[in-house]
Amino acid sequence: MPYRRSKEEVEAAAGEVDYLRTVGSFAMQHTIVSIYSPSTVVKTPETTIRGRWATPGEDFSGEQLLLNYRPDNARISFQLGIGRFFEPDAVLTACHAELEEDLRAVATLPKPKRIRTGLSAVVDNRRSTRDFGKDPVSLADLATVLHHAQGMTGELPYGNPNDPHGVIRLRTVPSGGGLYPVTLFVQAFHVDGLADGAYEYLPHAHALGVVEFDGDPASVLRSVDFDVAGSGFVLTYVYNLLHNSRKYGDAGVVFGLIEVGGISQTVHLTRTALALAGVDQGGYDKQGIERALGLDGLSRHVVHMTVIGQEG
């Protein structure tokens, strides 16, 4: 229905559709302003919206982020941040990003499979499901998911005539400035050929670095909807705040979350093509997972989680 209607038209529509009054009442609840919002014990999103007009400091943190999001090229701080990354030391660091990977204790991965299913068919058939079967996921399928999520796909010459062989290696998913601030951690529960445990995916080496996990993975990574230990593996997305914010400032976290979305979608399309079940998780224990993985929770943050396994 159009936004503006006369009273008579609204009454007529309410007479024709019996649920219209209920839907309209719920949609307009946020217009009830409460001056007591700051003292509310249980601060639901609804009470925050109601109270924000009277108390500017009580609005959503996400709203503050969006209000202050200004990656404007006219801002000198933004220009200085980007200009810094044209210096030789920054370019050299980008060309040798593989040095960040610790290869002292790794589990090798097989070559990823070539996905031959058509893109339209995969997109149309992608579904989220929590019904996982008991059979393990093959190591080849895990390697294929990880490669399509973050694997190396090519090189880009960085254009220095003094170093014509200098290249920046590119991945499957775009990243602001090619900085790739997102790391994938794998918790293997049922993967054929891989010991149960925690790993960090190393894209340059296409390998899994062994990671210490402090606690019971099934409990720390728990979901309110199902037993994650019955899945094949869990992917935890970790965003390194300083990795790209030192260039983009406040915009860095937005760029990082854009990258997470790209990785997540590629993960789901790949596992769909491999006939694997999977579902994203938003209600995870962020601080608990960070403690278990040894992340400081200040510069490195858990920002997403995906559970994958055989179809039940």
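T144 is in contact (heavy atoms within 4.5 Å) with P112, K113, I115, T270 and L274, when residues up to four places away in sequence are not counted. T144 belongs to helix 8, where helices (H or I, at least four residues) and strands (E, at least two) are DSSP runs numbered from the N terminus. At a relative accessibility of 0%, T144 counts as buried, a term that stands for under 20% relative accessible area, with exposed meaning over 50% and partly exposed the range in between (1.4 Å probe, protein chains only).

The model is a predicted one, in which local features need pLDDT of at least 70 and side-chain atom pairs count only at pLDDT 80 or more, while totals for chains, interfaces and linings use all residues. Residues are numbered from 1 along each chain as its sequence is written, and side-chain values use heavy atoms, with hydrogens and water left out.

**Overall make-up**

The protein chain contains twelve helices and eleven strands, and buried residues account for 38% of its 312 residues. Of the contacts in the chain between residues at least 6 apart in sequence, 70% join residues at least 24 apart. The chain exposes about 18000 Å², of which carbon and sulfur atoms supply 55%; these accessible areas come from the Shrake-Rupley method with a 1.4 Å probe, and for residues only the protein chains shown count as cover.

Two packed helices are described by the angle between their axes and the distance between the axes. For helix 8 and helix 11 the angle is about 145 degrees and the axes are 8 Å apart, the axes being lines fitted to C-alpha atoms over the stretch in contact and the angles running from 0 to 180 degrees between N-to-C directions. On the helix 8 side the contact is made by T144, V145, H148, A149 and Q150, and on the helix 11 side by I263, T266, V267, T270 and R271. These residues divide into four nonpolar, five polar and one charged, where Ala, Val, Leu, Ile, Met, Phe, Trp, Tyr, Cys and Pro count as nonpolar, Asp, Glu, Lys and Arg as charged, and the others, Gly among them, as polar.

Beyond four places in sequence, L146 touches L109, G151, L184, V186, Y201, L208 and L235.

H304, in strand 11 (residues 300–310), is buried at 14% relative accessibility. Leaving out residues up to four places away in sequence, H304 touches L235, T236, Y237, V260, S264, D280, Q281 and Y284. In helix 12 (residues 286–293), the buried residues are G288, I289, E290, A292 and L293, and their cover includes strand 5, strand 8 (207–211), helix 9 (217–220), strand 9 and strand 11.

**Loop residues and positive phi**

Y69 lies in the loop between helix 4 (61–67) and helix 5 (76–84). Residues A251, V254 and F255 are in contact with Y69 once its neighbours within four places in sequence are set aside. Y69 and G249, which are 180 residues apart in sequence, have their C-alpha atoms 9.8 Å apart in space.

Y180 is found in the loop between strand 4 (167–171) and strand 5, whereas A275 is placed in the loop between helix 11 and strand 10 (276–281). Each has a positive phi although it is not a glycine, Y180 at about 50 degrees and A275 at about 65 degrees. Just after helix 12, G294 takes a positive phi of about 75 degrees.

| Residue | Relative accessibility | Class |
|---|---|---|
| Y69 | 29% | partly exposed |
| Y180 | 13% | buried |
| A275 | 42% | partly exposed |
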